[in-house]
Amino acid sequence: MAEDLTITKGDKKTQYESLLPQIQGLLSGETNLVANLGNIAAALKEQFNWLWVGFYWIIEDELVLGPFQGPVACTRIKKGRGVCGTSWEKEATIIVDDVEKFPGHIACSSSSKSEIVLPVFKEGKIQGVLDVDSSELAQFDEVDQLYLEKILAMIP
Ligand code: SME
């Protein structure tokens with residue numbers, strides 16, 4: 001498919017519904033992980049214009065910064081540290097309405113106010129996390145969780 005994203009206006013669900021098949025198109029036929037994670041981060045950033053969208057990947061006993069869009073970020077996160085490390089430890093999606101109220105939050109950017117972190121699984125085994133940060137409070141809910149999980153399940 002052409003490497004052009006069609007940006008949709010409307011409510012969150014409408015935006016995801018338009019984005020999902022486009023991401024599927026971008027991933028189809030490509031098996032390289034870095035290429036695919038890069039395009040997912042770019043597509044989400046372009047559609048939603050969040051502050052930061054990116055992946056941390058499990059390498060040995062740490063999460064290491066992977067493909068992302070947004071300001072420079074911390075490169076390594078230990079299991080159980082911050083929102084990302086907690087999502088890894090619990091193997092669960094975490095939605096934080098106000099990062100200042102999350103104990104141990106790692107402030108890569110002082111502009112970050114709310115976030116969602118989702119584990120990425122392959123054949124039932126956690127591989128890393130998707131971290132999405134917003135400069136506004138309480139930007140993420142179960143609609144984001146539902147659609148972002150669908151997108152992560154598309155990674156070949
Ligand atoms: N907010 C994350 C750290 C990573 S950055 O925000 C890009 C956390 O507390 O896990």
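Predicted model: local features only at pLDDT ≥ 70, side-chain atom pairs only at ≥ 80, totals over all residues.

Visitor: What is the handedness of the crossing where α1 passes α2?
Guide: Right-handed. Residues are numbered from 1 along each chain as its sequence is written, and side-chain values use heavy atoms, with hydrogens and water left out.

Visitor: At roughly what angle do the axes of α1 and α2 cross?
Guide: Roughly 155°, and the axes come within 10 Å. α1 covers residues 12-27 and α2 covers residues 33-48. So α1 is roughly antiparallel to α2 (angles over 145 degrees count as that). Axes are lines fitted to C-alpha atoms over the stretch in contact, and angles run from 0 to 180 degrees between N-to-C directions. Helices are DSSP runs of H or I, at least four residues; strands are runs of E, at least two.

Visitor: Which residues in α1 and α2 meet?
Guide: From α1, K12, Q15, Y16, L19, I23, L26 and L27. From α2, N36, N39, I40, A43, L44, Q47 and F48. Contact means heavy atoms within 4.5 Å. The residues of this contact divide into 9 nonpolar, 4 polar and 1 charged.

Visitor: On to rings. How many aromatic pairs are there?
Guide: The count is 7. Rings of Phe, Tyr and Trp (its six-membered ring) pair if their centres lie within 6.5 Å. One of the pairs is F55 with W57, which is edge-to-face (planes over 60 degrees apart), at 6.2 Å centre to centre and 70° between the planes.

Visitor: Is F55 buried or exposed?
Guide: Buried, at 0% relative accessibility. W57 is buried too, with a relative accessible area of 16%. Buried means under 20% and exposed over 50%, with a 1.4 Å probe and protein chains only.

Visitor: Which residues form the aromatic cluster?
Guide: Y16, F48, W50, F140 and Y147.

Visitor: Now the backbone. What is the phi of N49?
Guide: Positive, about 55°, although N49 is not a glycine. Most residues other than glycine have a negative phi. N49 sits in the loop between α2 and β1 (52-59). At 59% relative accessibility, N49 is exposed.

Visitor: And where is E123?
Guide: In the loop between β5 (114-122) and β6 (125-134). E123 has a positive phi of about 45° and is not a glycine. E123 is exposed, at 79% relative accessibility.

Technical notes. Parallel < 35°, antiparallel > 145°, perpendicular 65-115°, else oblique. Left-handed = near helix turned anticlockwise from the far one by under 90°. Nonpolar A, V, L, I, M, F, W, Y, C, P; charged D, E, K, R; others polar. Phe/Tyr/Trp six-rings, centres within 6.5 Å; stacked < 30°, edge-to-face > 60°.
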